[in-house]
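These notes are meant for a colleague who is opening this entry for the first time. The points below can be read beside the sequence and the coordinates.

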Amino acid sequence: NLVRFYFKINNQEPQQMKRFTWMIMSAAFALSSGSVMAQSKHVPHKCASVEVMEQEMIKHPELVQERAQGEESSRQYLVHNEGQAKSGEKRIIPVVFHVIHECGPENISRAQILDQIRVMNEDYSLTNPNFSQTPEAFVPLAADCQIEFRLATKDDLGNCTDGIVRVYSPKTNEANNDNGVKSVSHWNSYKYLNVWVVKSIGTVQGTGGEVLGYAQFPMGGLMSTDGIVIR
């Protein structure tokens, strides 16, 4: 329902619509990375989105007020539109994977990326085979979000692309918003969902353990860093 709300309220606000997409995507990537985790004896499980948001708000205090205003708009919309279902055509979200690597296993295959897209689309269309395992409290809220993620077919200049960019860089190690990994390869966040695949993610204060990934919340960061970082 919250997904439906944000896509509806932001028809005229692509920036906020995109930011919400980035936020909800972090959950899909964390949940569907079991095959990667199974290869390690130590099973990481930490999503650092909250901690990253808090750090960004310290660096950019204006985000605090922006987030508060966004949350108030959300509350007001829900009050006046409770129970209304989204209508219209399915929304297509173009995705670009930036694989930042040093020729190691972090240079994941196209097949693995396509499988990730498949899992994401199953989750957001309510066709995931493990839906029966949904905690009882969340079953009434589950819904087909009427969105579909697809690898981008055109870049910002209109050139053909397969939606996968591979860049050799040591910034794949201990990657985070501060080490500049996102500036190594970045597409316009107003048009694409940016996903950075890295070897390891730098420790975020207060998270503990090994971080699997993080994304930005709505109004929780700058568009120059908007997207998802996953291990």
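1. Of the 231 residues of the protein chain, 45% count as buried, where buried means under 20% relative accessible area, exposed over 50%, and partly exposed in between (1.4 Å probe, protein chains only). The chain exposes about 12000 Å², of which carbon and sulfur atoms supply 54%; accessible areas come from the Shrake-Rupley method with a 1.4 Å probe, and for residues only the protein chains shown count as cover.

2. This is a predicted model, in which local features need pLDDT of at least 70 and side-chain atom pairs count only at pLDDT 80 or more, while totals for chains, interfaces and linings use all residues. Residues are numbered from 1 along each chain as its sequence is written, and side-chain values use heavy atoms, with hydrogens and water left out.

3. The protein chain holds 7 helices and 7 strands, in the order α-α-α-β-α-α-β-α-β-β-α-β-β-β along the sequence; helices (H or I, at least four residues) and strands (E, at least two) are DSSP runs, numbered from the N terminus. Among contacts between residues at least 6 apart in sequence, 75% join residues at least 24 apart, a contact being heavy atoms within 4.5 Å.

4. Strand β3 deserves a careful look. It runs parallel to strand β2 (residues 91–101), to which 5 bridges join it, and arginine 91 stands opposite isoleucine 147 in β3; two strands pair if DSSP finds at least two bridges between them. In a regular strand the side chains alternate between the two faces of the sheet. In β3 the covered face has Ile147, Phe149 and Leu151, and the uncovered one has Glu148 and Arg150.

5. Which kind of aromatic pair do tyrosine 124 and phenylalanine 149 form? The search of the whole structure finds 2 aromatic pairs, and this one is edge-to-face, with 5.4 Å centre to centre and 75 degrees between the planes. Rings of Phe, Tyr and Trp (its six-membered ring) pair if their centres lie within 6.5 Å, and planes under 30 degrees apart count as stacked, over 60 as edge-to-face and the rest as tilted. Tyrosine 124 lies in helix α6 and phenylalanine 149 in strand β3, so the pair ties together parts that are 25 residues apart in sequence. Phenylalanine 149 is buried at 1% relative accessibility, and tyrosine 124 is buried with a relative accessible area of 9%.

6. The search also finds 7 salt bridges in the whole structure, each a side-chain nitrogen of Lys or Arg within 4 Å of a carboxyl oxygen of Asp or Glu. One of them joins the side chains of arginine 110 and aspartate 162 (3.7 Å, N to O); arginine 110 lies in helix α6 and aspartate 162 in the loop between β3 and β4 (164–168), so parts 52 residues apart in sequence are tied together. Both are partly exposed, arginine 110 with a relative accessible area of 38% and aspartate 162 at 37%.

7. Arginine 118 takes part in salt bridges with aspartate 115, where the closest N and O atoms are 2.8 Å apart, and with glutamate 122, where they are 3.0 Å apart. Glutamate 122 and arginine 118 both lie in helix α6, 4 residues apart, about one turn of the helix.
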